[in-house]
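These are my notebook entries on two chains, kept in the order in which I looked things up.

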Amino acid sequence: MLEHIELFFKSIFIDNMVFAVFLGMCSYLAVSKKVATAVGLGAAVIFVLAVTVPLNWLLDQYLLRDGALAWLGPEYADYNLSFLSFILFIATIATMVQLVEIVVEKFSPALYNSLGIFLPLIAVNCAILGGSLFMQARDIPTLGLALNYGISSGIGWFLAILAIAAIREKIRYSNVPAPLRGLGITFIITGLMGIGFQSFGGMLTGDNDPPEGTETTTAEKTEEKELIEKEMEEDGKSVSYNDIIKE
Amino acid sequence: MHELKLKYQGKKMAPAFNAFHTFLYTPNETTHPGGTHVKGADDLKRTMNTVITALIPILLFSFYNAGYQHYSAINGFPENFSVMEHFITWDNFWLGFITVIPLVVVSYGVGLLVEFIFAVIKGHEVEEGYLVTGMLVPLIVPVDTPLWMLAVAVVFGVVIGKEVFGGTGMNILNPALTIRAFLFFAYPTWMSGDKVWVHGAKEGVTQAGSADAISGETILGYLAQNNEAAVASKFSISDMFFGFIPGSVGETSTFLILIGGLFLIFSKIASWRIMVSAVIGALVMGLIFNGVVDAGWIPDYSKFYGLMQFDFWKHLIVGGLAFGIVYMATDPVTGSQTTRGKWIYGFFIGFISVMIRVFNPGYPEGVFLAILLMNVFAPTIDHYVVRGNVKRRMKRLKNAVILPKDSDSKAEELKVETV
């Protein structure tokens, strides 16, 4: 029970999909202009993560990892198919998204309409594939925990897109310098929000080892992120990325 | 002054001049002719000046405290502490003065320079927002912060934290806290530990009678190391309350912060709702942790034990919690703007501050991060509060009975009965 709670909070706040690992940025930036649509996309992400992470956990356990095929017979015990995980995971995700879309359209047209284009978009949201790959990399031991991980990292992403959508609605009336309007300012906001979320970085780092090293590295990482973002935003200016995706 | 202003109107440096001009004098502009306008005397500059007035006692206290901590660390803490004899002395004041004033000067100098540059380029008036930020910044950094670090952080905070959003009143995060967070994450080895809180510790000034370099750990630092004995032997509760403890420049004296807070509430500058709910939040979280310790769920060798068993109300008088709640959380720009939102916002600030203090061994001081985090979520809270209000009114409207127009000319307007 305790590990469930710990994993839950950890994946919402500490390993937040957006602010800690910067995944799923494309839809996070593109669909965060209004709170209502952000909520729709966020809900869809939670749902899809909750379905695909446990499914991929099963795939990983019984098909992909080293020795996973032992249940077929002893002669298969030393196969290691983990090089296939990218293809299989993405296939699962795409299939699941299609399936969910069909089912939702059939049984709940209202929900289908409110989710609209977001559902198919999610198939290519890297936070979804990231969820499955993190699940594999972190060796999440049970199906229940995998389900928990899927839901909670979805909630983390949901919170992030909700917060930025509200902020973007708020700054709509701000006098942002013209070159920064649109994506530029959004990148900066994301960086600043990342600082806010740093408050959870290094939290619950266990009782045994002093987190001194990890502490500084995470701090440095934020700085790097800031720098990268600043550079990105400068690049954006020079190629006028803002013009490509204008509000 | 007013004539001078007219003379230079429209020139390039006019904004820079006007900034000095209106700093002390009320501008002579009146409202537009035609129609009735009410013009309050408390414009933005007056508001800012009020907050600064509330901060001045704290600044003066910090001079004495900086000196007191320095000399105490060298000579040992006085046996029979008396305020007049050991605290308010010329030596203390002078040492504090020469260590703290440079921080203030750099903060204002660099920050206002950036503001002036932006104002001149953009051709608008210099905005007053930096007045308070510039005063807050020196008060929330450790005494021995190198001035160049402060300057870099101030530039970052003002440009990225505020000017890119269009200046005062548009920013998302509190600029002073952005500056503090920048310092903290950019120079983590300098900004934490036990060396930076007392003047001279970093340069290896040695203790009288021994070869050890002096050091001054904050109370939270001691507690994070499970060293309750040191806290109990060194600092009494009244020390904590009146602020004779090491810590960031201006955050130590809860007593003066309380006075400043009351002043802000009575002058209606700051929101009492945020302050009260933040205090409640901190107390609730502290009580939960104390409950966990009392129930014996946590072993006393655990890393979190020291801070968890710390009495819940003491959280308010150590570290920067009080300062953060009174001067930073109540920032009208970055905080929640709706009444109900303020309660939620404040509560979470207190709650998360204490939670970070206890659970995050890397950051014994979580207040500024908690406020930043809630700054991020304040628009979300506001959005849902407003949505909720809209929904409630829609419901009321649906249930409302609109009476048909009276044929009498007297009751022309519609009567709406709400259910």
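**Entry 1: a serine in chain A**

I looked up A:Ser85 and found that its relative accessible area is 4%, so the residue is buried (buried is under 20% relative accessible area, exposed over 50%, partly exposed in between, with a 1.4 Å probe and protein chains only). The model is a predicted one, in which local features need pLDDT of at least 70 and side-chain atom pairs count only at pLDDT 80 or more, while totals for chains, interfaces and linings use all residues. Residues are numbered from 1 along each chain as its sequence is written, chains are lettered from A and ligands numbered from 1 in the order in which they are written, and side-chain values use heavy atoms, with hydrogens and water left out.

I placed A:Ser85 in helix H4 of chain A (helices are DSSP runs of H or I with at least four residues, strands are runs of E with at least two, and both are numbered from the N terminus). Leaving out residues up to four places away in sequence, I found A:Ser85 touching A:Leu64 and A:Gln136 (contact means heavy atoms within 4.5 Å).

**Entry 2: helix pairs**

Two packed helices are described by the angle between their axes and the distance between the axes. I took H3 (residues 35-64) and H4 (residues 85-107) of chain A, whose axes come within 10 Å and cross at roughly 140° (axes are lines fitted to C-alpha atoms, for helices over the stretch in contact, and angles run from 0 to 180 degrees between N-to-C directions). H3(A) is therefore oblique to H4(A) (under 35 degrees is roughly parallel, over 145 roughly antiparallel, 65 to 115 roughly perpendicular and the rest oblique). The residues in this contact include A:Leu64 of H3(A) and A:Ser85 of H4(A); among the others are A:Phe47 and A:Leu55 of H3(A), and A:Phe89 and A:Met96 of H4(A).

In chain B I took H6 (residues 130-140) and H16 (residues 321-328), with axes that come within 12 Å and cross at roughly 175°. H6(B) is therefore roughly antiparallel to H16(B). B:Leu136, B:Leu139 and B:Ile140 of H6(B) make this contact with B:Phe323, B:Tyr327 and B:Met328 of H16(B).

**Entry 3: a threonine in chain B**

Which residues does B:Thr178 contact, beyond its neighbours within four places in sequence? I found A:Leu192 from chain A, together with B:Phe156, B:Gly157, B:Leu173 and B:Leu372. B:Thr178 lies in helix H8 (residues 175-186) of chain B and counts as buried at 1% relative accessibility.

**Entry 4: whole chains**

Of the contacts in chain A between residues at least 6 apart in sequence, 77% join residues at least 24 apart. Chain A exposes about 11,800 Å², with carbon and sulfur atoms supplying 67% (areas come from the Shrake-Rupley method with a 1.4 Å probe; for residues, only the protein chains shown count as cover).

Chain B exposes about 19,200 Å², of which carbon and sulfur atoms supply 64%.

**Entry 5: record check**

I consulted UniProt, where an unreviewed entry lists several spans of chain A as "transmembrane region", including residues 12-31 and 179-200. In the model, residues 12-31 of chain A are 45% helix and 0% strand, with end C-alpha atoms 20 Å apart. Residues 179-200 of chain A are 68% helix and 0% strand, and their end C-alpha atoms lie 33 Å apart. UniProt positions are given in the numbering used here, feature names are shortened, and annotations may be inferred rather than shown by experiment.
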